[in-house]
Amino acid sequence: MARKLAGKCLCGALQYAVTDEFSYAANCHCSNCRRTTGSAFKPFAGIERNKLVLTEGEDNLLILGDQSGHDAHCGLCGSLLYSLVRDGTFFHVAMGTLVDEPSIRPSAHIFVGSKASWFTITDELPQYEEHVVAARAVDE
């Protein structure tokens with residue numbers, strides 16, 4: 001049985017549980033992730049949609065988008081908890097909202113072609129101009 005991790009928003013009104021079975025993790029530098037987090041990038045971990053459940057405060061959930069893709073924020077404090085992606089099949093969990101430490105770590109920087117000019121990436125992780133999948137398709 002996989003370990004469950006807890007997560008929550010800044011004010012604690014929204015809480016979730018997620019299985020520690022993330023498929024991938026990255027630091028996204030696209031302009032949308034920068035705007036929704038208010039930061040230079042969004043560290044996220046991808047997981048199948050059915051492996052995350054809200055455990056408290058569902059009435060406070062603020063959805064920006066639709067059933068095929070959206071950002072889920074706390075309607076009280078504004079924290080971004082996750083993004084629904086890949087035609088509604090995966091969540092990109094904002095790693096900063098995890099209370100418990102996940103077993104996965106970001107393995108790349110993506111969309112560095114649109115990263116904030118005032119931010120310098122200083123680690124040794126691979127950097128991709130766009131999405132890592134698109135970059136790998138070009139390499140093949």
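Is aspartate 20 buried or exposed? With a relative accessibility of 13%, aspartate 20 counts as buried. Keep in mind as you read on that this is a predicted model.

## Aspartate 20 and arginine 3

Aspartate 20 pairs with arginine 3 in a salt bridge, and their closest N and O atoms are 3.2 Å apart. Aspartate 20 sits in the loop between β2 (15–19) and β3, while arginine 3 belongs to the segment before β1 (4–8), so this pair ties together parts that are 17 residues apart in sequence. Arginine 3 itself is partly exposed, at a relative accessible area of 43%.

Across the whole structure, a search finds four salt bridges. One of them joins glutamate 21 to lysine 51, with 2.8 Å between the closest N and O atoms. Here distant parts of the chain are linked: glutamate 21 is in the loop between β2 and β3, and lysine 51 is in the loop between β4 (42–48) and β5 (52–56), 30 residues apart.

Lysine 51 also meets the side chain of glutamate 48 in a salt bridge, at 3.5 Å from N to O. Lysine 51 is partly exposed at 23%, and glutamate 48 counts as partly exposed at 25%.

## Cysteines without disulfides

If you are wondering about the cysteines, how many disulfides are there? The count comes to zero. A disulfide is a covalent bond between the sulfur atoms of two cysteines. For cysteine 30, the closest cysteine sulfur is the one in cysteine 28, and at 3.6 Å it is too far for a bond, because the cut-off for a disulfide is 2.5 Å. Cysteine 30 is buried, with a relative accessible area of 16%.

Cysteine 77 is likewise in no disulfide, and its nearest cysteine sulfur, that of cysteine 74, is 3.8 Å away. Cysteine 77 counts as partly exposed, at 28% relative accessibility.

Let's finish with a residue in a strand. Asparagine 27 is found in β3, which covers residues 24–28. Asparagine 27 counts as buried because its relative accessibility is 7%, below the 20% cut-off.

Which residues does asparagine 27 contact, leaving aside its neighbours within four places in sequence? They are Phe41, Lys42, Pro43, Pro106, Ala108, His109, Ile110 and Leu125.

Note on methods: Residues numbered from 1 in each chain as written. Predicted model: local features only at pLDDT ≥ 70, side-chain atom pairs only at ≥ 80, totals over all residues. Heavy atoms only, no water. Helix = DSSP H or I, 4+ residues; strand = E, 2+ residues; numbered from the N terminus. Buried < 20%, exposed > 50% of the residue type's maximum accessible area, 1.4 Å probe, protein only. Contact = heavy atoms within 4.5 Å.
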